[in-house]
Structure formats: structure tokens, C-alpha cells
Amino acid sequence: MTAKVGKTGFENININHIRYFVSVYELGSISKAAKDCNVSQPTISKSLKSLEKQFNVVLFNRDTRLFYPTDAAQQLYPKCLELCSSAKAICNVLDVINHGDFGEVKIGFGKIVGPLGSVLMSKIISDKYSDLRVSITEGNPSSLHRNLLQGNLDFFICHDDAKEILNSVDQLVCKPFIDVEVNAVVSPKATFLKTEDNMTMFPWAFPKLEVLATSKNNFYNDYYKEIVANGSVLYQIDNIDARLKLVLSGQAAMVSTSISTRKYVKSGILQKLPIEIDDIPLSVFHLSTKPLSNSAYQILDMMKSYFEMLKR
């Protein structure tokens, strides 16, 4: 029998009909195919009849004793098997797209938390995810947001206030992550401690900060603005190791997460300045149009656990 399948027939092929046909062909039994596909026998039978009608061919010879594929079925089987494989591949790609799980997690960190975040990520990767590719970018909220919109980041972590200045906030998901303790530190041997009482006149080392006018943090409102106005930011360096060397050598004061400087303060190499600084609430930012992957969620959970552990 010659197949007379019109254009509309091919346009309306039901992939489940193809899948059921392949299973029946391979297993040689409607009952076995029903069990394999987790559907009822009537569903398989009805599906085969629909496919035969659509293709205008008989797929299986049926009599009381024998059930076997026709010549048409033997010719169609390889192509139908290929079609099932392609459909499965498409489903896998769609799952990747919908969940953003591309085998790599691209993370952004704000400048204050960036150095600590990078250290924690190194530990997380070595402990749990040695096969996972991770890229890390540090920057201010605007640059991180731009990278997020351009697809260069899966998410970024920075201070919660950042959402006040970012555009396209309707696409942005902002979820509270953790509060980080921050201290101002200095070397006890710094000569300016003996000659200057006004701490806003000390030489300071800061990264290039994007200070928000709406910030509620007391340090920015009570100290940083005055430090800038006094021209006391002598060193504007993003690299925390470089800033730390300046502070350890007594050339400047700096602000850092207490976790990063704890060992120096504990040993007396550095001391805290008598400045009360509000904890910085960090949030996770990602796009509503690109849900976080399972790997990203696992990394965030691990990072939060490590943060909590280090705070103790």
C-alpha cells in the first residue's frame, strides 16, 4: 500500500503516537508497550489506529495468533526512532533553557563582599563541586546589573540598597541573602593615630564605590561623605590585598568585612576604630526571565552556610 500522507498530516503528527509505535515495534506487544510507556492498553491501541489513519498505512498485522510489523512499519521505524530521539533532545535543551543550567554558574559580587565571596567560592568548589565551571566577576551594582542583562551573569550578590538605582527592575528579582558585619580597621603603628583625632581626616583606602544617595547605612551617611569631602580617600584601589597591605603598613585605614580582618584584629596586628557601622544586608539579584539553576541554588545554600559558620 502506498502512503498518501498530505501536508497537514505531517504538520499534526503527535509525538506520543510515534513513541507508542516505536515501543510496540521494539517489544512486539501492545501490553508490554503499555507498561513500558506507563499508559493503558486501549491508549496504545487507539494511538496506533490514529497513526495508521494519518499515515494511510497498516503498521502491524494482527490475527488471533500473530502480531508483527508490516513492511511499512519496518521502513518507518528507523525514522520514527530518530524522531523520538530528536524530540527528547529538544526537551533536554528546553529544560536547560528554562532552568538556566548550562554546566557553568556565572556569579557577580559587589566590591565590599567580593573578596570574601571569591574565597568562599574557592572552598565550595574544592569541597563539593570540583566538576562545575564557575566564573566570578566583581563590580559595582550598575556594572553587575548590566552584565546580568547581557547574559554574562546568572546572579549577583551585593548590598540590598542597590535595587534603588537599577533600571529594568520589573525584570529583576531581589531576594534577601545575609547580613554582613563590617568594621573600620587600622594598624596600631599608624602614625596618623597620634597626630589626628578626627577619623574622617585619616588617610583611607577604599575600592571605587558606587555610593547611593538613598543609602541608610550610618557609615556612608555619617563618615564616608565627610571623608570624601575632606579629600581623605588617598587610595582608591579595588584589590583588597593591595588595600590591606597599605593598612598593615600603617599608611591608611580601611573598611572591610569583619570576617576578612578577624585574624589580624585577634592577633593585635590591626585594631578596630571606634566607629559603629551598621551590618550590610546583602541580597541576591537575578532576572525573572532566567530562573536560577539547581547548581546556582546549591551554591547559594552552601555560601550562606559558610557565611553563618564564619560569623560564629
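Author: Buried means a relative accessible area under 20%, exposed means over 50%, and partly exposed covers what lies in between. The model discussed here is a predicted one.

Reader: With that in mind, does K111 count as buried or exposed, and at what relative accessibility?

Author: The cut-off for a buried residue is a relative accessible area under 20%. K111 lies in the loop between β3 (104-110) and α6 (114-127), and it falls under that cut-off because its relative accessibility is 13%. K111 is therefore classed as buried, at 13%.

Reader: Which side chain meets that of K111 in a salt bridge?

Author: The count of salt bridges comes to 2, and in one of them the N to O distance to K111 is 3.2 Å. The partner sits in the loop between β9 and α10, 127 residues apart from K111, and at 36% relative accessibility it counts as partly exposed. The residue in question is D238.

Reader: The side chains of D154 and K290 also meet in a salt bridge; how many residues apart in sequence are the parts that this pair ties together?

Author: The two side chains come to 2.9 Å, N to O, and D154 is buried, with a relative accessible area of 8%. D154 belongs to the loop between α7 (141-149) and β5 (155-159), whereas K290 belongs to the loop between β12 (280-287) and α12 (294-311), so the parts tied together are separated in sequence by 136 residues.

Reader: R243 is buried yet has no salt bridge; how far away is the nearest side chain of opposite charge?

Author: R243 lies in helix α10 (residues 240-248), and, leaving aside its neighbours within four places in sequence, its contacts include F206, M254 and D238. A salt bridge needs a side-chain nitrogen within 4 Å of a carboxyl oxygen. For R243 the nearest side chain of opposite charge is that of D238, at 5.5 Å.

Reader: Which strands are at the edges of the open sheet of 5 strands?

Author: The strand order is β9-β8-β10-β7-β11, with mixed pairing. An edge strand pairs on one side only, and this is the case for β9 (233-236) and β11 (271-272).

Reader: Which residue in β10 is the bridge partner of V182?

Author: For V182, the bridge partner in β10 is T257.

Reader: Among the aromatic pairs, how is the pair of W204 and F206 classed?

Author: The structure holds 13 aromatic pairs, and ring pairs link W204 and F206 into a cluster with F219, Y220, Y223 and Y224. Both W204 and F206 are buried. Their ring centres are 5.6 Å apart and their planes are at 15°, so the pair is stacked.

Conventions
Residues numbered from 1 in each chain as written. Predicted model: local features only at pLDDT ≥ 70, side-chain atom pairs only at ≥ 80, totals over all residues. Heavy atoms only, no water. Pairing = 2+ DSSP bridges. Helix = DSSP H or I, 4+ residues; strand = E, 2+ residues; numbered from the N terminus. Phe/Tyr/Trp six-rings, centres within 6.5 Å; stacked < 30°, edge-to-face > 60°. Buried < 20%, exposed > 50% of the residue type's maximum accessible area, 1.4 Å probe, protein only. Lys, Arg positive; Asp, Glu negative; His and termini not counted. Contact = heavy atoms within 4.5 Å.
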